[in-house]
Amino acid sequence: MPPPAASARYPSPSQPSGKSEVTDLKSQLRQLAGSRAPGVDDSKRDLFKKVISYMTIGIDVSSVFGEMVMCSATSDIVLKKMCYLYVGNYAKGNPDLSLLTINFLQRDCKDEDPMIRGLALRSLCSLRVPNLVEYLLGPLGSGLKDNNSYVRIIAVTGVLKLYHISASTCIDAEFPATLKSLMLHDSDAQVVANCLAALQEIWSLEASHSEEACREKESLLSKPLIYYFLNRIKEFSEWAQCLILELAVKYVPSDSNDIFDIMNLLEDRLQHANGAVVLATVKVFLQLTLSMTDVHQQVYERIKSPLLTLVSSGSPEQSYAILSHLHLLVVRAPFIFASDYKHFYCQYNEPSYVKKLKLEMLTAIANESNTYEIVTELCEYAANVDIEIARESIRAVGKIALQQYDVNAIVDRLLQFLEMEKDYVTAETLVLVKDLLRKHPQWSHDCISVVGGISSKNIQEPKAKAALIWMLGEYAQDMSDAPYILENLIENWEEEHSAEVRLHLLTAAMKCFFKRAPETQKALGVALAAGIADFHQDVHDRALFYYRVLQHDVHVAERVVSPPQQAVSAFADTQSSEIKDRIFDEFNSLSVIYQKPSYMFTDKEHRGPFEFSDELGSTSITPEASTDIVPAQQFEANDKDLLLSTDEKDDNKGLSNNNGSAYTAPYENSNISSQMQELAISGPAASATTTQSSFDFDDLLGLGLSSAPAPTPSPPLLKLNARASLDPRAFQQKWRQLPISLTQEYSVNPQGIAALTVPQSLIKHMQSHSIHCIASGGQSPNFKFFFFAQKEAEPSDYLTECIINSSSAKAQIQVKADEQSTSQAFATVFETALSRFGMP
């Protein structure tokens, strides 16, 4: 069947066939402009709907501006609204055409219908054309005196719009004085609220260069005005009540009677159904009573019930917002909420973010009277199908154990977790048992007897494996298999990708050697040799330090590495008290939700030059920051040393009489042997008479030259393209498609952490090593970077996500590569470059 003729096709209103469709609309509007035939308004509605739909999807329909204005001569309010919407959208971009609208908008401002008067005045003030400011003064003056409250509401907002278009015109017309008079005498509460909002904004902006505006701004906080607003607060809308309550927070009462009067006026606002009003009232109560300790505590008791009611009655989003504020209060006064712990039990249908926050609150309010019930509830969550919640519940049990003195029942519960035979449960529990033993070493016998039965082969998470290794070293005398478990782990040194685990292996081997030297002798030798040859800077440095301290004196080494165990009194808090107080001062704001002061996520210097979410798909680069990026083409690899692996660089330094290096790293086995053969060390339990029966380091560690492990082979040299380039969209697409090749954690030297105060310095540093940054962001202590590099002479890309925590001086990287086999070689180059960041 042939397609229909052009005249028979009816294109969809949202899919115009081209310019002819807009032309047809224009001609039809022109025909209807002067028509008074019956049903003409219905025809206009259909055409107006088409115009608005085209405008909404981005089609330029400015050519029908004149026809739309001509068709606006109607009493149909729906047509008026659509016409005003169209005019407001195109007026700013077409100032000349905007002149066509002035007459009919001014005429509508005098219409008998107050709805049309208000809509016309709003549209007139929304034109945002500086040349038309003079036409606003008359309608605005009339609108402020209009008998209808809706028109006055629109007029007050119009004054604020006028101020932003032309501040001088607004001030010269004395509109602020008119608004103040209206605010004090108008009978409509919404008009009063709009006047307050407009005056606050105008006087705040004018206060920087006008003393009069500064005085007027301060007058808003006078006692008569505050009481005027508070006495009428029930008349206002919820939004207006929040505005007034924010103003009341800034008021400084004259005496305690003033404080109690305000609290009495606002008492019923705590029962309001709207959470925003309740939180704003709570903020007023808290701020007013800060200097009155007893009353402040009573305020906590008073606000507890309304907040708990809001948590259980609102949506998950509202519950989370209220819970975030409750969490802040719980941290400041946990004893007040201790009896209400059941309100923070998790419900099965709650989102995970609400459950996680409730777990934090249960941890904070746990005390001697409710610990058993709380821990019992938390143990139920350990079997939750949501693995993240299960992990958090185990951590919560551990935190409670660390903050309680009587931990008998809690220790038993923790040890029962190890019998659940779930990898993530075992991993979290091991980390908590390690912390528990650091604070309560008297429980070592019970804990070690259970931990000793766990196979290290079943532990895959680095933190859990590190915790197990720490216990093997710390309690080697109580665990019969400790030396042999460590020996097995050391034999698999090359398969261990986590630097944290390798560092713990070195320390545990040393501690075990001091307690059970004959059984650990060979394992320690292998560990030190592998550590010295390790490509990770921290692992290499620690192994070399242990080697040298043993070389100096084994008893000194024991006092340094394995001193008498002392219980930890308290663990460091992640947030300082100053930051917590700053967040409390910003109560009822996003600071409480984000758990950080506002300057950390609003100031550009803390937010960073780039803004992006956790997903690279939403990465965006601000225009200001794009000029700071160093073009990749500006750098060339003119220094071949940049491409050397770590061991080759240190060997070269050693050959040059150790110039520019603090030590000569003995990577080659022959170098190790030549130094070790001159070293005599007595065993840790030997008497003074045995010091003459010296033996060299190879014999002590069980490392004969013939049986010594072969040196770790250097990774193949990976040459990168200094002029690499990659489009951000291509990076984004590859990042989503490629699997993660490897994940590693590095340490950042102190000089690098100091230099990280200016994130651009790291970007330039890595670029000098042919590793280019495509996006970065975050604020202290967490910084996030996305890097890319390309293999020289081959179309092969390496994509890297690098997260640096300046507090722990750790960098976590994820590498994705076109060639999976060369990922480790690239990671070595990346680590080498990162280790030199901040170095002269």
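**Briefing: burial and cores in a predicted model**

Alanine 724 is buried, because its relative accessible area is 1% and the cut-off for buried is under 20%. The structure is a predicted model. Of the 840 residues in the chain, 49% count as buried.

**Around alanine 724**
- Alanine 724 lies in the loop between helix 39 (697-700) and helix 40 (728-737).
- Phenylalanine 788 is 64 residues away from alanine 724 along the chain, and the C-alpha atoms of the two are separated by 8.4 Å.

- In soluble globular proteins, nonpolar side chains tend to be buried together.
- The largest nonpolar core in this model has 211 residues, and the members that touch the most others are Tyr86, Leu326 and Leu430.
- Helix 28 (residues 499-515) supplies the largest share of this core, with 11 residues.
- Leaving aside residues up to four places away in sequence, leucine 430 touches Leu418, Val451, Ile454, Ile459, Ala464, Ala467, Leu468 and Met471.

**The chain as a whole**
- The secondary structure consists of 43 helices and 7 strands.
- Of the contacts between residues at least 6 apart in sequence, 67% join residues at least 24 apart.
- The chain has an accessible surface of about 40200 Å², and carbon and sulfur atoms account for 51% of that surface.

Technical notes:
Residues are numbered from 1 along each chain as its sequence is written. This is a predicted model: local features need pLDDT of at least 70, side-chain atom pairs count only at pLDDT 80 or more; totals for chains, interfaces and linings use all residues. Side-chain values use heavy atoms; hydrogens and water are left out. A nonpolar core is a set of buried Ala, Val, Leu, Ile, Met, Phe, Trp, Tyr and Cys residues joined through side-chain atoms within 4.5 Å. Buried means under 20% relative accessible area, exposed over 50%, partly exposed in between (1.4 Å probe, protein chains only). Helices (H or I, at least four residues) and strands (E, at least two) are DSSP runs, numbered from the N terminus. Contact means heavy atoms within 4.5 Å. Accessible areas come from the Shrake-Rupley method with a 1.4 Å probe; for residues, only the protein chains shown count as cover.
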